[in-house]
Amino acid sequence: MERILKSPNVTGWLLAAPLTLVLAAFLVLPIVMIVIVSFWTATDFSIVPAFSWENYAFLFGSEVTYRVFLNTFKYAAITWAVTLVLGFTVAYFLAFHVRSQTWQTALFLLCTIPFWTSNIIRMISWIPFLGRNGIANSTLISLGVIDEPLEWLLFSDFSVILAFVHLYTLFMVVPIFNTMMRIDRSLLEAASDAGASGFQTLWNVILPLTRPGIMIGSIFVITLVMGDFITVRFMSGSQAANVGRLISNDIALLQYPSASATAVVLLATVLLTIGILLRLVDIRKEL
Amino acid sequence: MKKNHYSRRTLLKGAAAAGLASAFPAPMIWAQDIKDITLRQFGTGVSNLNEVAQKVKEDLGFTLTMTALDSDAVTQRAATQPDSFDIADIEYWICKKVWPTGNLQAMDTSKIKNYDKIVGIFRSGKLTPESTVAQGTAPHTVGFTSGPGGKDFVQEESGWMTLIPTIYNADTLGIRPDLIGRPIESWTELLNPEFKGKASILDISSIGIMDAAMVCEAMGEITYGDKGNMTRGEIDRTMAIFTEAKKAGQFRAFWKTFDESVNLMASGEVVIQSMWSPAITAVKSRGIPCVYQPLKEGYRSWGGGIGLSARLDGLALEAAYEYINWYLSGWVGGFLMRQGYYSAVPETSKEFMSENEWGYWFEGKPAADTITNPQGQAMAQAGEVRDGGSFEERMGRVACWNSVMDENQYMVRKWNEFIAA
């Protein structure tokens, strides 16, 4: 018995077992359930076990699905681009311009302050700010910049993306900052000794070395935005839809099978996107 | 569960006592046991009020717990989790969906003391003998079943009710008179380009489509066979008109919760929208003018009632009947009427309201003095008249009842397309 337990093979399996069990019970099993239910059918108030392609047929047969997926990608792409530029800049500033470690920590904590409140509150607080008679419009009017309140500030794609950027930029800052801190400073000196300008160092040395951080941040932001439904609902005033809202509408109306089918397609889409991203950078090798 | 606390013997005793109690209603033999009973009620926010639970404890002695959910969640729970509640406080259109599951039990009207005083809308379907029955899921059409254990609906007063009516009202559009500055008389105004970017409609498909239908019919674009049970063609044409308006930027936002509708109106983002009566008063109580505008095409109405879980039996069931009788005996009615709703048995509520309150809320008379809500906030000053007037004027002009359609699934998909458009 003792010999069996001491065999490295068995120890390895035993050590891996708790995590495997947890993941199997709380990740794999629910996903398998969702896939199974996506083939069921539903009436107004009950779901019926079956094997039917009806949910998928409706999903792929409806023009709305494509429009909504396109919209989801649009939100993800724009949010990704904006958070990347912002996140990279902030991380760069923190990592290379702030010399004292105390200040680095202090400024980094400053970035996390908004996260001390719930993200719903952070999001909703934009509504009175951007409204027709909100602070933004009244300030602009009193400064004489505009005569009429800007209608597109609230309940528009603009406000949705603004909220996304506000909510998720930190997810970009943290991993990028982290990889930047690991860059060997002597590489920068070497670049400068070899006559590289500041921009050349940034482009040819720092950027390639922070790729893993950028990739991790991107995965965070893209999966968060693609899976969101509440931000889109509140900030667009329910006027815009993304895939998350399709799913939540279905759930509200007890159409679990159809919600599951949409969820399965969304999951596949997100996995595919991440797969493509990982092809670009081998995170494990570079970390 | 509480029920298990009783042995078979005490349960039998309880049943016997309950039988006695219903035969001789006044002295409650089981008065000692009743304080141990907890009834779990759930429903939409409108009538799930903590004040009611407190008063139940005072007047009847047992405990009533309340859970408030949105109407989708209520439907879901009533249909799928019959063990999670004792009393379902639901709307009649939800009842149409839930009743066939057998999760609710029929109620014996002979045990309902004030049954004869319940307004006609919930019995024959007619407010007065002359009135016509409105379109949609009119409460009386799903209010009765064939007998105990029945899963069907019958059209006559069979003596077995599915829900005991408790609360109802007539809904219309809310407007900001100060920002509109002219009279509004018709549902068509919701799509009037004058209010481009300042209109809103609620994003709850089953009710939203009805408001949309009121507008389309008022515009003369569509004539419906039954707005509460549209054909696919009618749904398509209704949604086409609204999609076009949405694309043209008519709507500022859609709302899903009570608070959203209040904020949209109070902030001036929206000047005309579908709205519920207490939302109007919430806007008004902030000192912002807001009118629940009566419109010439009539109201979209809704009604709610109390249903009993099929699992309820013995002493708990008797307590539930006691609760229902208490509910209709006037105190709750008065409480609800002071918020602008109507009670199913108005005459008993009258005893719990001042003459001024009764005159203002029910008879449509000018207020003789300041009208306050149950929380003590001023709702109207002396001389003001309720929007829409008296009970008969408002409930007599119902054009359509909230409903669930045969083409519900199709409608929901079309509504989703409208939101995504």
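This is a predicted model: local features need pLDDT of at least 70, side-chain atom pairs count only at pLDDT 80 or more; totals for chains, interfaces and linings use all residues.
An unreviewed UniProt entry lists a "domain: ABC transmembrane type-1" at residues 69-277 of chain A. In the model, this span is 78% helix and 0% strand. Its end C-alpha atoms lie 19 Å apart. The unreviewed entry also lists residues of chain A under "transmembrane region": 12-40, 75-95, 107-129, 158-177, 214-236 and 256-281. Two of these stretches can be described from the model. Residues 107-129 of chain A are 70% helix and 0% strand, with 26 Å between the end C-alpha atoms. Residues 214-236 of chain A are 87% helix and 0% strand, and here the end C-alpha atoms are 29 Å apart.

A pair of helices in chain A shows how such elements pack. Helix α14 of chain A covers residues 243-252, and helix α15 of chain A covers residues 256-280. Their axes come within 8 Å and cross at roughly 160°. An angle over 145 degrees counts as roughly antiparallel, and α14(A) and α15(A) are therefore roughly antiparallel to each other. The crossing of the two helices is left-handed. On the α14(A) side the contact is made by A:V243, A:L246, A:I247, A:D250 and A:I251. On the α15(A) side it is made by A:Y256, A:S258, A:A259, A:T262, A:A263 and A:L266. Sorted by class, the residues in the contact of α14(A) with α15(A) are eight nonpolar, two polar and one charged.

Chain B is divided into two domains, and each is built from two separate stretches of the chain. Domain 1 of chain B takes residues 2-170 and 301-350, while domain 2 of chain B takes residues 173-297 and 390-420. The C-alpha centres of these domains lie 30 Å apart. Where they touch, domain 1 of chain B supplies 23 residues and domain 2 of chain B supplies 21. On the domain 1 side, the elements of chain B that give two or more residues are α5 (92-98), β6 (135-136), β8 (164-171) and β14 (299-309). The largest share of that side, three residues, comes from α5(B). The residues on the domain 1 side divide into ten nonpolar, ten polar and three charged.

Chain B also has a packed helix pair, made of helix α8 (residues 232-247) and α16(B). The axes of these helices are 10 Å apart, and the angle is about 15°. Angles under 35 degrees count as roughly parallel, so α8(B) and α16(B) are roughly parallel to each other. Their crossing is right-handed. From α8(B), the residues in contact are B:R232, B:I235, B:D236, B:M239, B:F242, B:T243 and B:K246. From α16(B), they are B:Y410, B:M411, B:K414 and B:F418. The classes in the contact of α8(B) with α16(B) are six nonpolar, one polar and four charged residues.

Last comes the contact between the chains. Chain B gives 24 residues and chain A gives 20. On the chain B side, the elements that give two or more residues are α4 (71-80), α5, β11 (251-255) and α16 (408-420). The largest share of that side, six residues, comes from α16(B). By class, the chain B side has nine nonpolar, eight polar and seven charged residues.

Definitions and conventions:
Residues are numbered from 1 along each chain as its sequence is written. Chains are lettered from A and ligands numbered from 1 in the order in which they are written. Domain bounds come from an automatic or database domain assignment. Two residues are in contact if their C-beta atoms, placed from the backbone, lie within 7 Å. Helices (H or I, at least four residues) and strands (E, at least two) are DSSP runs, numbered from the N terminus. Ala, Val, Leu, Ile, Met, Phe, Trp, Tyr, Cys and Pro count as nonpolar, Asp, Glu, Lys and Arg as charged, and the others, Gly among them, as polar. Axes are lines fitted to C-alpha atoms, for helices over the stretch in contact, and angles run from 0 to 180 degrees between N-to-C directions. Angles under 35 degrees count as roughly parallel, over 145 as roughly antiparallel, 65 to 115 as roughly perpendicular and the rest as oblique. A crossing is left-handed if the near helix is turned anticlockwise from the far one by less than a right angle, and right-handed if clockwise. UniProt positions are given in the numbering used here, feature names are shortened, and annotations may be inferred rather than shown by experiment.
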